[in-house]
Amino acid sequence: MDNFSYCSPTRYVFGKGVESQTGELTARMGCRKVLVVYGGGSARRSGLLDRVTDSLRAAGVDWVELGGIQPNPTDDRVYEGIDLCRREGVDGVLAVGGGSVIDTAKAVAGGVPYDGDFWDFWAGKAVMEIALPVGVVLTIPAAGSEGSGNSVITKLDGMHKISLRTDMALRPRFAVMNPELTFTLPPYQTASGIADMMAHIMERYFTTTDEVETTDRVAEGVLKAIITEAPRVMADPCNYQARANIMWAGTLAHNGICGCGRKEDWSSHGLEHELSALYGVTHGAGLAVVFPAWMTFMASCQPGKIAQFGRRVFNIENSGNDRTDALAAVKCLKEFFKSIGLPVTLGELGIDNPDIPLLVSKFHEDKGLPFGPYHPLYPADTEAIYRLML
């Protein structure tokens, strides 16, 4: 196990009706006026946005709004939010939505107190040390952004989709989590969220760090819980307990607890980011295609951890051959994804003629050469993985 420092300061307020506490929690952050960031019309149509703003009003907190945030959020909306915050004297940001909304809110929060271009942080030209405080009302369990210091934004000029990771600056001060708010999510969005949270765990699980049994078992336990609860959620979207377990699993998948003491990989996320940047696919669905392909490639060069994953998570019998068991694990994972309605090939994802040379080029432009602690990827390796997605 490697040395590590772990701090998760987010206050999680979980359960039925907890969105009514949003105003009090926002005031507790020391905010007098916040930017409320939200997505499409569902937050307003459902009445959630009204309940949240009523709660803010009752707590004496003023607000301005930035709505219409789309999946795979882009830098233009971040610039818009930064300008709005500066004009209105905003001292905090409240995200009402899922990962794209939260990531946009975080980017705005980091950009407001910075004198330069907020993209400097994502481009690696500056290190973010301060940001406006961020609160979250979660509506889509998937990205885990409600408990992480990460934010993924796409720069429209060149279509560069980059993930910024901060230790503390962008971790939300609170996350309001009512599983009832997820009852009306479409099945495909629910399934994509499940793939996303599983991928967050697997990016940490597949490591070359030895002797991380405790963290391995934490990761395996959350994965097994997701695999158990996913069919229940898909069969009965209004099953509160199943929704609650999935929602909490999404947070545990990405708040850092599954990565303690180990090197993390994140190659599969990088590979998927190029797909969603170029082709606009749903991130979680893209990961359902990418991860089995990455694992298939790794079964020939680094099979041990993938074999362990199969034996412990999918209960594959130990054949005594790591590569055989790693490939069996890939088969189980693909069958699971298909069982909840997700694609496992680029064609099923709606990408019939991918520009693989461009994907490879952009991946290494954004991630470097080589990339990937689990097994360093060079362009020939990256191309092979993309071709396995066919």
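How do the residues of the lining of the second largest pocket divide into nonpolar, polar and charged? In this predicted model, in which local features need pLDDT of at least 70, side-chain atom pairs count only at pLDDT 80 or more, and totals for chains, interfaces and linings use all residues, the lining comprises four nonpolar, 11 polar and eight charged residues. Here Ala, Val, Leu, Ile, Met, Phe, Trp, Tyr, Cys and Pro count as nonpolar, Asp, Glu, Lys and Arg as charged, and the others, Gly among them, as polar. Residues are numbered from 1 along each chain as its sequence is written, and side-chain values use heavy atoms, with hydrogens and water left out.

The second largest pocket holds about 340 Å³ of space, a volume being the space filled by probe spheres set on grid points that are joined across faces, edges and corners. A pocket is an open set of points, on a 1 Å grid over the protein atoms alone, where a 1.4 Å probe fits, with protein on both sides within 12 Å along at least five of seven lines, and its lining residues have an atom within 4 Å of a point. Of the 23 lining residues, Arg165, Asp167, Arg171, Gly256 and Glu264 lie nearest the centre of the pocket.

Two packed helices are described by the angle between their axes and the distance between the axes. Helices (H or I, at least four residues) and strands (E, at least two) are DSSP runs numbered from the N terminus, while axes are lines fitted to C-alpha atoms, for helices over the stretch in contact, with angles from 0 to 180 degrees between N-to-C directions. Angles under 35 degrees count as roughly parallel, over 145 as roughly antiparallel, 65 to 115 as roughly perpendicular and the rest as oblique.

The axes of helix α7 (residues 187–205) and α10 come within 9 Å and cross at roughly 135°, which makes α7 oblique to α10. In this pair, Asp196, Ala199, His200 and Glu203 of α7 are in contact (heavy atoms within 4.5 Å) with Ser267, Ser268 and His269 of α10, and the contact residues divide into one nonpolar, four polar and two charged.

Helix α10 (residues 267–279) also packs with helix α11 (residues 283–298), their axes coming within 9 Å and crossing at roughly 130°, so that these helices are oblique to each other. The residues of this contact divide into six nonpolar, six polar and one charged.

Between α11 and helix α13 (residues 322–339), by contrast, the angle is about 170°, with the axes 9 Å apart, and α11 is therefore roughly antiparallel to α13. Ala288, Pro292, Met295 and Thr296 in α11 meet Leu327, Val330, Leu333, Lys334 and Phe337 in α13, a contact of seven nonpolar residues, one polar and one charged.
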